[in-house]
Amino acid sequence: MKKRNYHQARWDEPLIMELGSEGERGVFLPETEEIIKDLDPADLLPEGLKRKKPPKLPEISQMQLLRHYLRLSQETIGADLNIDIGLGTCTMKYSPKVHEEIVRSSKMQQIHPYQDESTVQGILEILYQTGEYLKEISGMDAFCLHPAGGSQAIFSNILIMKAFHKYKDKKEVKDEVITTILSHPGNPGAAATAGYKVLTLGPDQDGYPDLAQLKRIVSKRTAGLLITNPEDTGIYNPKIKEIVDIIHSVGGLCIYDQANLNGLFGIARAREAGFDMCHYNLHKSFSSPHGSQGPACGAQGVSGELAKFLPIPVISSDGEKYYFDYDRPHSIGKIRKFYGNPAVAVRTYAYIRSLGASGLKQVAELSILNNNYLLHKLKKVKGLSLPIAPQTKRIEQSRLSWEGLHKDTGVTTDDINRRIVDYGVQSYFASHHPRVFPEPFTPEPVETYSKADIDEYVQIVKSISEEAYNDPEFVKTAPHNAALASQVVLEHLTDINLLATTWRAFRKQK
């Protein structure tokens, strides 16, 4: 396959706050209506909420505004422009553009969260029906679409677990949670935030969570299990029901982290494995685009016994209308304002309706096929290996290692990650921390990439491997052709004194 001659546009583009001039306008607002012309909005606010001076906003012409954002778009790599195979655990699949037409409809954009529920029956029906579909897909008895992402869904499920144990027996001490080192780090993080002691299982020689270790650490103090299956190795755990039964034997609850469902649609459900709770990242498997830390939805599902603890309000139906149900005395309360992220739910609803049950199962089958084809090809790349259970087939992703290449050349997985963008490909996902395997690399091809896409991606990886062996310094100093032709200074991401999360904070740093 011929290698693409790629070079990304690079603009020395200022911040929008530094563009334009005082009085410049890109759009003229309609004249104020007579009936409200003399009304001062400040009179409606308490003194404590009034600004001391007007907010600083950019003043810029329409042409400059368009030019600014088009230039920035040329410096961005996204799913519509390149192959996102490298973003394992993130499920970066193609999102049908018909979904975007629906969510950009004025009927969606003009919905206000404070509207009376009688005026938003359409979106309430979609949210309700989306939950019904997710119940069927998971086998769970009730769903909530409030969580703003996977980690909040995990945390919300943990709060339900905590409420359940308190409701069941206030005197019983259940202060320990078990998870695995290869599950998503949101699991131990959320459990620790909720006040639990976290016990972590390592993998056995087959790559499964160590069953013998589990039997040693489980006790009457075990509140529950938080586990991903398949874990980030991509290996499906056939012992999952046995693990769940062990936790249940001491009165614990089992929470299934299914942020990535792509390889399991129509094949395996949380209910049959005995789980009490689960969650899905609708902005992953259900084809709603990632939105740079949001907007997202971590839909949480629970068994019937736990439904009364779900966050409020629960969207219910009496057969004639849909309504918000706040009358739930055992609820853990509100975890988010309003009722979640309707746009993500609408995309999910459209995705499920358009594919149907057979289509969703085909998504899983193609994801598995693509991943194992990719893995077969990558295992032949010099310096790249599969560090655990190399003969075992994977589900939707694989955790590989550049350890061999690193020992031979000194080039790290982070060096390769920077070099790969020089080929017009999104930088890849190495692994969650801690990096259990040395120099990790975790691709996930999903179902929407073709054989040609996968072959091209393999050729890129192979080319970088050859570069590393022939000229390691060239790879170490990458990127060379990308918009950001410099290396990220780690301190800027970790030193609180150097972080700039707002424009004002950035100005202070300069």
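Accessible areas here come from the Shrake-Rupley method with a 1.4 Å probe. In this predicted model, the accessible surface of the protein amounts to about 26,100 Å², and carbon and sulfur atoms hold 53% of that area. Turning from the surface to the interior, buried residues account for 47% of the 510 residues in the protein.

The overall build can be described next. The secondary structure of the protein consists of 15 helices and eleven strands. The radius of gyration is 25 Å, close to the 24 Å given by the globule rule for 510 residues, so the protein is as compact as a globular protein of that length. Along the principal axes, the C-alpha atoms fill a box of roughly 75 × 65 × 45 Å.

Strand E8, which covers residues 314–317, runs antiparallel to strand E9, which covers residues 322–325, and four bridges join the two. Within this pairing, Ser-316 stands opposite Tyr-323 of E9. E8 and E9 form a hairpin, with four residues between the strands. In the turn sits Gly-319, whose phi is positive, at about 95°.

Definitions and conventions: Residues are numbered from 1 along each chain as its sequence is written. This is a predicted model: local features need pLDDT of at least 70, side-chain atom pairs count only at pLDDT 80 or more; totals for chains, interfaces and linings use all residues. Side-chain values use heavy atoms; hydrogens and water are left out. The radius of gyration is taken over C-alpha atoms; the globule rule is 2.2 Å times the number of residues to the power 0.38. Buried means under 20% relative accessible area, exposed over 50%, partly exposed in between (1.4 Å probe, protein chains only). Two strands pair if DSSP finds at least two bridges between them.
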